[in-house]
Each structure stands twice: as C-alpha cells, then as structure tokens.
Amino acid sequence: MFLCSHYVSKRLTIQYTDHADELSRTRSTPASDVTLLSQHNRSRGSTLHKLSRRLYDSYPISALRYWLYTPLVASVTIGRACLMLFYFGALLFAALYRTNIFVNPGRASGIAVSQLPFLFALATKNSVIGLFLSVGYERLSFFHRYMGRLVVLAANVHAIGFIYKWTQAGTFTQHIQPAEIRWGLVALVSFDILFFFSLSVFRQKVYQFFYATHFVALIVALIAIGNHRVEYLPYVIIAAALYVADRILRIVRSRISTAHIETIPEIGTTLVRITRPRLNAGWRPGQHVRVRVLSFKLGWLGWVDVHPYTIASAPLAPYIAAHFSSDPTSPAATPDVNGNDYGELVLMIKKSGDWTHKLYDIAKTSPSEKSLGGSGTDIKMIVEGPYGNNACVPLTSFSGAMIVVGGSGISFALSAIQDLLQNASPVQSGGMSTIELVWCVRSARAVKPLIPVFKYLLSQSNDEALMPLNDTTSEDTQTQTDEPFFPPGLSLQPGRPKLSHLLEEVIDRTTARLPDEKAGDSGEGRQKTFSDANGVVLAVCGPGALAEDCRRAVGSIERWKKEAVGSVELVEE
C-alpha cells in the first residue's frame, strides 16, 4: 500500500504500500553532511546554469550516468566497481613493476603503509576526503572497507614473501630475532585482527566487540609499524593525526542534552525530542546525528553504543513534533522562555534491534498523560553531529520535487518537506511549485499517527486550488484507515506505487505552473521550454529495491519532457 499527499505550490502527495517483503529493510540512517560546509543554491535562470544543466542532461551524459548507477551486487554499482578495479590495478602495477613479490617483498609493505593516511581519512566521521568531494562519511565507507582489505592483503604478501625467502635460505630463525622484525609480526597480526573482526557478521551481530577490537588493533598496528621501520613514521604520524583530529572534532560537535522520549505504537517507533537545551538550527534536511543515551536502563554498557538517526525536523521550523499529539501542553508544543516560535530537533527511532527495543520499552513503561502513546519520560543523551548529505545543490533549488521513502525513511521526508515549504523560491521566479511524497509502508495503520502532521504540512500550502482542510473523507478511505479526519490532498492506495506515472504527473504539474510569460513554443506542438525552469528532483530514501525503481522511473522519462522542465535528477539518501 502507498499513501499519497500532494502540494501544488506546495502540493504534497503521500502513498503507502503493503509489499512488506520488498520494503522490509528500510533505512533509518542517513541518509547523511558536515556542518562546516556552507549550503548554497545554484543560480536560477543564469546562462551558466542553463548551459551546465543542458550538458548534464544531454543524452550521452545522461546515458552514462544511468549506466554507472546500475547496481551489480547489493550496493555495488557499475561506477563503484570501475573505481575499485582502477584502484586495485594501480596498486598491483606499483607492486609488480619490474619485480615480483619473491624477489622484492619489501615493496608490498611500502604500498600498504603509504595507503594508511587515506585509509584513516576515509574512516573518520569528519572526513577530509568527504569535505573535498562534498560527500558524507557514510558514502565513503564502502571504499574504506575495500581499501582496508587491500592493505591487509599487501601486508600479508610482504610477510609471506620474506618468510618464503628466509625459509628457502634456512635463515628464518636468525632473521626474526631483531626487534624491528618482531614489531613487524605484531603489525601483521594486528592487521589480520582488523580484517577478520570487521567482517559483516561481527559488525552486525556484535558491534561493540567489533568496535573494541578495531580500536585496540589499530593503535597497536600504528605503534608496531613505527617501530618496524623508521622511514614509515611520517605515514604513521599523519594517520594518527587524522584520527586524533577527528576525535577532537567529534567532541566539539557533541552536546549533552535532555530528550523527551515517547512511543508511537502504531509504527513501533520512539519519538525523541531534544528539549534542553533546545536545538533548532545548524543542520540541513537529510542530515543525521549520532546519539548516545546516558542511562543504565539500556544495560551496563548501553551508554557506550552510538547510533545514527536521520533528523525528522527542519532547522528553524515550527513545532512539527507537537502535531504528533493533540495535547497543546506537550513538551514539543511549549515555546522556549525567550518566546522563540521555532521548534526543536526531532528523531524517529524505529524498533530494529536490542538497543532500540530497550529504548522503546523505557518510553513505553514510563506513564505520561502528555505523550502520544500515553507514555514517555526524559533522559540524558549525547547528540553528536550533524553529519551527511553534503549535496552541493539543495532540493529548494528545483522547480518540483518528488520524495519517495520507505518505512522509517519518513524522517528524511518530513525534514525535507518542511524545508521546502519554508525556503523554496517563489513560483514566479521558477521556484518550487510541486511537492509529492510517496510513503511506502507495510500497513495503513502506520499512517494514522502522522495524519495530524500531514494536515499541518498541507495547511502550509498556498495553492488556491487546494480545498480548505476539513474533517470529511471518502468512505473507502475511512474503511482503510479508520481515520475520520483524512484531509484533502492526501490519498491512500493499496499496491506498489507506479513511480514512472507519478513522476510524469509531477513533471506535468511543475511545467504547467511555471510562468506562462516565460514560455515558448518548441515547434513540436507538445511541450514548452521555460527559461526559468530549474528541473524536477526525485529524492529517495529506502531499501535498494525502492532506489532501483526510482532510478528506472527517471530513466523512463522522455527527453523532451526533461528539457521542458529543465532536467530530472535522482538523489539517493
């Protein structure tokens, strides 16, 4: 089932789906960028913008982008595979150029150590590489894992080459006596521990154990490498400096806050509101924070766990969390002492593991008359971030937006829609005129607690075509949702959403609402070209199957329609 709600200037469409098997593995993370990066809009209607968009959306470039983003295995696309093969080829060439590992096994160690600064830079949350590429750390993690495996491989090739050479000469015992050689063996064992306990089975099942072994082994490895060969010290120092700098920045970007937690039983979610101090600015839609709960109620080591969650509210937005409950005295509905009407940082944490189940139980077993689920309490937590979503072009720079999310991806959608309603440019200048949200969920019951939120967002629409919100709805909708207050502009439909059809509708509505005085006849009798058209963006946050459907939907749009609206771009969170 899918729930649709639409804005036309701004029009919101929300849809739900009951394909639980295909959409069961939804993402609550980020989707994910660094706060130090300034958010900037692209120029609208400028000659440079038109030329760059025309080149970017030209057939050869568009076909190449579509091909590079085609998935091969799991999250590995053709583009990522090409990058990984190129990197492997470069290291292999460096290792075997005019020599081999048995004649000169020392070269493999030099290659491994030379990659340490890059390996550490990719591992840090405040990544220098991510800063230059405008990419969040979570988008670089796949290459960090791949590079780490090649570094471990090079270290083992180096060791095996010398062991073979010394064994053949019968001098193995004598050669391992010096301290620097023994330090090399320590470094080798540390590398192997790093590799073995970083396998997905350990990361997903016993994350704390993985983290502890990773932390200890990398410290031992750096010390051992520095004592193994003096000439490797510069690489060790750079890697250690990157790690220490990241730790310092993470402390600087952390705040100890009081959060009010309560349950949303219909969707098995814990609603988290950072209340003291109230955090209401400093992030962009799509960014996430890493939270650590300072409570032994989660277990003796529960306070050690750090979990990333997408922010569900927009910066400097009104109190959207208050619309989860009709109680005006709810903590989220109470302005601060200075009379500031802006809201707060809101998280929606879905039950998906031991830690999240324990957090939900804490909120559930603490009675509170002011909370949505009849329960709730205040807890202390450390909020670190924000991170992720380093996109240079924000969603507000487009003329139309279609946001497709699955399950807990609604956190990203709520934040993005609030930001679009607040900060999008006027329609008269080619700004945001159409917003469509497609929310894929397992059951229609998941929609009920968020209907007040959707009503509030719909009320922010300035479209005269939308009927005033009232408490009437169709008989079919009432049957599906058992909700007597289903607002106009919100539609609920069973089955899998036809994304290509919905995207075409968004393009048509966006094109129709652009200023007529800016339009010109294309000569084909079937389209208009607008000088102020800034394109339509399809943003998706959900499982891989949903992202692939969105990619196909963008690829199915005819060229003349893309040109009429400026461009059609896909953004994956």
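**Close-up 1. R290 forms a salt bridge with E384.** In this predicted model, the closest N and O atoms of the pair are 3.8 Å apart. R290 counts as buried because its relative accessibility is 9%, under the 20% cut-off. E384 is buried too, with a relative accessible area of 5%. Beyond its neighbours within four places in sequence, R290 is in contact with several residues, among them K125, Y137, R250, H307 and Y387.

**Close-up 2. E504 and K561 form a salt bridge.** Their closest N and O atoms are 3.7 Å apart. E504 belongs to helix α17 (residues 499-513) and K561 to helix α19 (residues 559-565), and the two residues are 57 residues apart. E504 counts as partly exposed at 27% relative accessibility, whereas K561, at 11%, counts as buried.

**Close-up 3. E548 and R551 pair within helix α18.** The closest N and O atoms of this salt bridge are 2.6 Å apart. Both residues lie in helix α18 (residues 544-556), three residues apart, which is about one turn of the helix. An α-helix has 3.6 residues a turn, so residues three or four places apart point the same way. E548 is buried at 13% relative accessibility, and R551 is buried at 7%. A network of salt bridges links R496, E548, D549, R551 and R552.

**Close-up 4. Helix α3 spans residues 78-96.** From its first C-alpha to its last, this helix of 19 residues reaches 27 Å. Its buried residues are I78, A81, M84, Y87, L91 and A95. Just after α3, R98 takes a positive phi of about 60°.

Definitions and conventions:
Residues are numbered from 1 along each chain as its sequence is written. This is a predicted model: local features need pLDDT of at least 70, side-chain atom pairs count only at pLDDT 80 or more; totals for chains, interfaces and linings use all residues. Side-chain values use heavy atoms; hydrogens and water are left out. Contact means heavy atoms within 4.5 Å. Helices (H or I, at least four residues) and strands (E, at least two) are DSSP runs, numbered from the N terminus. The expected span of a helix is 1.5 Å times one less than its number of residues. Buried means under 20% relative accessible area, exposed over 50%, partly exposed in between (1.4 Å probe, protein chains only). A salt bridge is a side-chain nitrogen of Lys or Arg within 4 Å of a carboxyl oxygen of Asp or Glu.
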